[in-house]
Amino acid sequence: YKEEDESSPYAWLPFTAAMLPKIHYTKINITFVEKFGPVFATEGESATLSATMTLDPNLANLQPEAQWYRDDTRLFDSKWVKIETGRGYTTITLPNLFKDDEGLYTLRMVTKGGTAEHSAFVSVADGPPPVPSAPGAPMDIKIHDANRDYVIVSWKPPNTTTEGPIIGYFVDKCEVGTENWTQCNDHPIKICKYPVSGLFEGHSYYFRVRAVNSRGISKPSRMSDPIAALDPTEFERLHAKKLGGKLDVVSYHDEEEAEGKPAGAPSGVYASETDRTYVVLSWKAPAYFGKAPMWYYIEKAMANTEAWQRVNTKVPIRSPRYAVFDLAEGKQYKFRVLSANMYGTSEPSKPTGLIETLELKGVPSAPGQVIATRETDTSVLIQWAPPKEPNNLIGYYIDQCVKGSKDWTSANHKPHKNTKYVLNQLQTIHDAVLQLLVIVNVT
């Protein structure tokens, strides 16, 4: 050690560093005393999963973290999930069950020395339908591509073991802060994705979906999380200016006067998403410095023609992205965009290349042979090979019936992604016969 000036702030380091104790991480041994088992419930009911455990050592300042998962997705406190954890126990409550809640629930107790896990399946069956033989509710509502004017809503179809085939779906919206649900589409749509237009900029909305068959309309799905109708590219146009080196002012480019003039033409029009009956177009907004509001018109034409047809005659488009639907499957279109303000309309943009809408290739082929393996006296593990022609496969439904009966019931009420599944609560293994169904995302 080289002697240091006592006035140096580092003079003490060699001594204190040598005197610091080594840090030892305490390994906590976790033993589950009471563990939750499988739950079989119905939509609208509640369910609680609890576990108690002993900790060794049980130190107040070194408690393990309780993590809850559904099918490998971490769960947190929300409107649909309540988690309570204390010293030696943890509980998760699902206060209002939907089929979205079905799945394998795993409790993971996490410490620095490792983890302790326990899992059990929660089954959520369809509740009574609004009318006899109406389908079950759709599930897994997702919101995509939110913008000033529209959002895209997608979902997964219900099983139809005892009901007639689904004709289509209705999408409903409700503005946050109200209880007024309104139907977005006049006629049932057959695909599991729908662009909702006519939203008010800056307003937030919930969405839900109902399935339709020849007997009636299902209960609504669980509503989506709230989504705001905002243009995500708006923030890219903002920039800060320094005034006098002290004051920051946020503005849209340079506020040059351009009154009395129409806006320039948009550019770079392309299809950001192509589907069977609609195309999502995106483009680059023109440089615009006027204070008058600006909006867009979209025109479409079939391949090899110049018969341009205005798409949005009633709905003003303010964001540089829009879904053009009511298109024919498997046809080629081209599109162009014009900008407009109170002083006039721009020249059209350069048209896109030919864009071909998709065609449904058909449902998946049947899965491979089902193999059943005994688990317990009342449960069985079944495994199967995936279909040779998946055709947009999104999962499997497993149906079961007692041998000699024709009454098939759903073993799972939410699409299952893997090619293995454990069936519980069978009468006895040798009395059960299984049938495997496949569902397809027909978007």
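Predicted model: local features only at pLDDT ≥ 70, side-chain atom pairs only at ≥ 80, totals over all residues.

Reader: How many residues in the chain, and what share count as buried?

Author: The chain has 443 residues, and 41% of them count as buried.

Reader: What about contacts across the sequence? What share join residues at least 24 apart?

Author: Take the contacts between residues at least 6 apart in sequence: 64% of them join residues at least 24 apart.

Reader: Let's pick a sheet. In what order do β10, β11 and β14 sit?

Author: The order is β10-β11-β14, in an open sheet with antiparallel pairing. β10 covers 139-144 and β14 covers 193-197. Those two stand at the edges, and each has a single partner strand, so one side of each lacks a neighbour in the sheet.

Reader: How are neighbouring strands turned against each other?

Author: By 25° on average, ignoring direction.

Reader: How many bridges does β11 make with β14?

Author: Five, in the antiparallel sense; β11 runs over residues 150-156. Tyr150 faces Ser197 across that pairing, standing opposite it. Val151 stands opposite Val196.

Reader: And how many bridges on the β10 side?

Author: Four bridges join β10 and β11, again antiparallel. There, His144 stands opposite Ile152 of β11.

Reader: What sits between those two strands, and which residue takes a positive phi?

Author: β10 and β11 form a hairpin with five residues between the strands. Asp145 takes the positive phi, near 55°.

Reader: Is β11 mostly covered or uncovered?

Author: Mostly covered: seven of its seven residues are buried.

Reader: Which residues go on which side?

Author: Tyr150, Ile152, Ser154 and Lys156 lie on one side. Val151, Val153 and Trp155 lie on the other. Both faces are covered, with each of these residues buried. In a regular strand, side chains alternate between the two faces of the sheet.

Reader: Switching topic. Where is Gln63 found?

Author: Gln63 is in the loop between β3 (47-56) and β4 (65-70).

Reader: What does Gln63 touch?

Author: Leu55, Asn58, Arg87 and Gly88, leaving out residues up to four places away in sequence. Also, the C-alpha atoms of Gln63 and Thr111 are separated by 7.9 Å, though the two residues are 48 apart along the chain.

Reader: Now the largest nonpolar core. Which residues touch the most other members?

Author: Leu49, Leu107 and Met109, out of 27 residues in that core.

Reader: Which strands supply at least two residues of this core?

Author: β1 (29-34), β2 (39-42), β3, β4, β7 (89-94), β8 (103-111) and β9 (114-125). β3 gives the most, with five residues.

Reader: What is Leu107 in contact with?

Author: Leaving aside neighbours within four places, the contacts of Leu107 include Phe32, Phe36, Ala51, Trp68 and Ala116. Among them are also Gln67, Glu117 and His118.

Reader: What does the second, separate core include?

Author: Leu281, Ile317, Val337 and Ile355 are included in that core of 24 residues.

How values were computed: Residues numbered from 1 in each chain as written. Heavy atoms only, no water. Pairing = 2+ DSSP bridges. Axes fitted to C-alpha atoms, helices over the stretch in contact; angles between N-to-C directions. Buried < 20%, exposed > 50% of the residue type's maximum accessible area, 1.4 Å probe, protein only. Contact = heavy atoms within 4.5 Å. Core = buried A, V, L, I, M, F, W, Y, C linked by side-chain atoms within 4.5 Å.
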